[in-house]
Amino acid sequence: MGSAAKAVDVWKSYGTGEAAVTALAGVSVEFDRGRFTAIMGPSGSGKSTLMHCLAGLDTIDSGDVWIGGTKVNGLRDKGLTELRRSRVGFIFQQFNLLPTLTAEENITLPSAIGGRKVDRAWFDAVIDAVGLRDRLTHRPTQLSGGQQQRVACARALVARPEVVFADEPTGNLDSRSGAEVLGFLQRSARDFDQTVVMVTHDPNAASYADRVIFLADGQIVRELHHPTAAAVLDTMKVLDGDDRLVVA
Amino acid sequence: MLTATLKSVLARKLRLVLSGLAVVLGVMFVSGSFVLTDTLDRSFKDLFATAYSEVDVEVAVKSKVGQDDPEAARAGTLTAADVAAVESVDGVRTAVGDVVGSARPIGENGKVLTTSGAPRLGIAWRDEGQEEIRDGRGPQRDDEVVISAYLAETGGFQVGEQLSVLTLEPKRTFTVTGIFGYPGDRDSLGGELTTAFTEATAQQLLLGTPGAYSGITVRADEGVSQTVLRDRVQGELGDAYQVKTGEQLAAESADEIGEGLAFFNYVLLGFAGIALFVGVFIILNTFSIIVAQRTRELALLRAMGASRRQMITSVVVEAVVIGLIASVVGLGAGIGVGALLATLFSTFGGGSLHLAGIAVPPSAIISSFAVGLVVTVVAALLPAVRASRIPPVAALREASTPDRPLTRLTVAGGVLTLAGGGLLGFGFADGTLWLIMSGLLVSFVGVALLTPLISRPVVSLIGRLLSWSVPGTLGRRNSARNPRRTAITAAALMVGISLITGVSVVLTSATTSMTKVADTQIKADLIISGESSANGQVGGTFAADRMDRITGTPGVESAFGWYNDGVLVNGERRFATAVTDVPAMERIFGLSAAGGTITDLEDGEIGVDAVSATALNLRQGSTATVQTTKGEQRTYTVAFVLAESRVVDDMLFLPESAVDGFALPQISSAFIKADQGADVADVRKRLEPLFADNPEVSVQDLSSYVRQQAAQLDTVLMMIQVLLALAILIAVLGVVNTLALSVVERTRELGLLRAIGMRRAQVMRMITVESVVISVFGALLGIVVGTALGVAAVRALEDMGITDIGIPWAQLGGYLLISAGIGVVAAILPAIRAARLNVLQAIAHDSA
Ligand SMILES: Nc1ncnc2c1ncn2[C@@H]1O[C@H](COP(=O)(O)OP(=O)(O)O)[C@@H](O)[C@H]1O
Ligand SMILES: [Mg+2]
């Protein structure tokens, strides 16, 4: 079983000279097919940067990034667009939907842009899974935050990408709506064999994942499998303590 | 607060440039007009000062039919005895008889040389005149001429070559013995073409009378002033003569041109006004969008305790800064444009007009700043007030507030449109220009206010035609997103397009009416006419003896010709016509009598048509006094009154015997009906040789005659299109501006679209569709409004013979296509900007 996405010794820094910030310092990580992985770490540790680099939204300084069998670094704009269009899906923390389109139009937008036909059976399965059947003709402004995020999830899944990346998808949601979104991401990995990578700083959210990796200062410092919220919290405390030790 | 505003203006340079550009262009138009007309005015003053520099007093026969302006046709000529009489006056150093008339040289291609307005003159050569021989010698024999350097250059003539000239007589050929120029190394005084003959030849060809003079140029003795001499000469000659000083004549000529230039300036300023009016839309829109985009920022300021007044001030200060900068730039650009146009005019337009130096009249400076500031501040006021109304809690709100309902806007728009229509109605009814203008402005504003309401259905309709792809659909939806924004942008385009459409509907209607009259009422197969009727210049008439040869030509069933003269009827200036064969006219023009019988007029009889009968209050049997240019005033009896006709409009007919008193006793047009079954083309071929010696006269069939007349209207339309092009250009800037600001506003959306796989090309297509939808919407509005305006104007002009409404469908379709093209062009920069967005930065973009 090959990995769906892979980073090999990835370095990434922003700015030059004195102002330079190293966001990723030699990150190597693999994401197995059909697994739900959470990335955790303190603010500024490089979680978003890692995800952006994996998804081809940002360039890297050195190392390699793979999506399936494709090396992402080295792709030109056209290749990257093609990759984003059909092989990765995105869920951002907020502002995921075009206000001029209905929920359904938003969901099918990537296929429409790519001129591909939507697989209706799959579409129906996804819609039922997110529970949006009666909201399809609504505009984003007519949906709650949780519903909007579920529309975003559906959109990410309908194109059957190799990996779905979600950057703090529940960061703006109340706990109930958040649980709905997380439950859906969990099921899509379990039932639909969808690879999901999610950034979060909420131990409870991380407990939905099959695996949690911890970042600190641009490096992977710990990894948990089949985490519980308590185990995640403990690890965070330990890392926090480590940090303080290092600083001191 | 003030420094904060100034900083924010400078920080957003793009906005500054875009909203400022509309003002710059408008101000440029205004100051350019002033600089151009001021420069030309001073140049013409110089010209006439030079032309009359060697004239102290000039004598001519007083005109019998009107004001003594330099152009008025003279009642007669002077004789050698008159010259001698003037010479004998105390204080006269020299008195020289002048011979001046019309002489049209024929170019090497056989066509008559034309100018763009300057006269083509013939004169009698004087060795002692102000003309200076540059090459060769003066004319000594009757078949010799000298020509002005400008004529030599225009026609490519050299000393020793042959030159053919049309005068009162048909073509005559001369040998060029010399070329002359004017003081100050000028080739001409003001672009005129001058041919100088020997005195006897000039008298025969230019005045038609041997030994006659058209005027006398007098030079004063040392110490005798022009006015003193004038009064002495006037005393000697009596009241039948017009005696004027050189200074007086120079001033009168300059004033006359000056009036023309002032009118020209008003026309230009009118178009500048339209451009600025469009500019107001653009600035208003820009500031509105900016205020909307800065809602959170402004609300934050309010939350921190900024007062309403401070909010308004901050927006107005921004407007003042933009207005000032734009005025300065616009003034500078206007000076450049004015100077450029003046140079172009002197080089190509007026031909070798010596330009006085370019200067910037105070009017240009004052109007630039007044217009630039007022326009910008007025346009920013509404958005400023809106900014002040933003509640502090808006800072906390996430999304921009939904569009307010359009009810109030629509009601206001409806009221204004009706009010504007009313003003227009009154204006058209009695031809009051300011009523028409204000009616136009008010109804434009009214329609603009109605536009948001109309935009919903129309934009979605236009959009549907363009949205065959996903980016297209998105573009269409975007254009329907802010009905106000789309509406104002489109309305700005509407103004220019509707004016062009209106004018073009009126002109097409005029052509349609003309064609219809020609098709249904005029039974002439062929029309013989001269250039004079085409471009208003002298020339293109023929002698009466040709009429007999026309009627005698095989295949001609009947024919008539007419002579024209400007006359006084009961003291009122009118246009009179003498017809060679009235019954032929009756048949060919399909006329009927409302009083009396239509026959050839006897001596002492006149005929009138329905319009002039009403105007002059004449009936069959009533009398009127008529003064022709040269003849004696006499009383005529009305022999017939014509029934209303669409061919004959406001005409007064004199008997052929009165022609001797006309300024030019020559036929200006002839109308010919061919025999039943005769081949018109053959008849035409037989007639053409009669005018072989007169290239100004042409024989045309009716349809090409009508086409030639209609072609003049095309020129008018073209000029108006050029002048309105700036208003349209400003509207295009408005589209660019709206799109650019929308792109900024939707940065996150664009980032999202790119993140989920939209290609750059697709992003660009999306923006382009939005742009095309807005432009086509504006053009559609303009076409509808313009057609309504045009039809209203045609209805009002019914009295002037425009009776049929013609809609220029092809042209209107062309405007739509052009507007689609405009949309594509306007989208280029915003689209590139949108496509270049960095995906990550765009997603992280703070929309506020
Ligand atoms: N566009 C950028 N320019 C400069 N520095 C950046 C940029 N994006 C992120 N960084 C820096 O890189 C580091 C990692 O950022 P990020 O990946 O966003 O962290 P996280 O998502 O874990 O909070 C931080 O120190 C941040 O300040
Ligand atoms: Mg982050």
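Biologist: Which element gives the largest share of the shell around ligand 1, and how many residues does that share hold?

Modeller: The answer is α1(A), with three residues. A caution before the details. This is a predicted model, in which local features need pLDDT of at least 70 and side-chain atom pairs pLDDT 80 or more, while totals for chains, interfaces and linings use all residues. Residues are numbered from 1 along each chain as its sequence is written, chains are lettered from A and ligands numbered from 1 in the order written, and side-chain values use heavy atoms, without hydrogens or water.

Now the shell itself, meaning residues with a heavy atom within 4 Å of the ligand. Around ligand 1 it contains A:Y14, A:V21, A:A23 and A:P42, and also A:S43, A:G44, A:S45, A:G46, A:K47, A:S48 and A:T49. By class, four of these residues are nonpolar, six are polar and one is charged. Here Ala, Val, Leu, Ile, Met, Phe, Trp, Tyr, Cys and Pro count as nonpolar, Asp, Glu, Lys and Arg as charged, and the others, including Gly, as polar.

Next, the polar contacts (N or O atoms paired within 3.5 Å). For A:S45, a polar backbone atom is 3.3 Å from an oxygen of ligand 1. For A:G46, a backbone N or O lies 3.0 Å from a ligand 1 oxygen. For A:K47, the distance from a polar backbone atom to an oxygen of ligand 1 is 2.9 Å. On its own, ligand 1 has 560 Å² of accessible area (Shrake-Rupley, 1.4 Å probe), and the protein covers 59% of that area.

Two elements of chain A give two or more residues to the shell: β2 (21–32) and α1 (47–54).

A:G17 has a relative accessible area of 65%, so A:G17 counts as exposed (over 50%; buried is under 20%, partly exposed in between, with a 1.4 Å probe and protein chains only).

Technical notes. A polar contact is a pair of N or O atoms within 3.5 Å; within protein, one must be able to donate a hydrogen and the other to accept it, and residues adjacent in sequence count only if both atoms are side-chain atoms. Helices (H or I, at least four residues) and strands (E, at least two) are DSSP runs, numbered from the N terminus.
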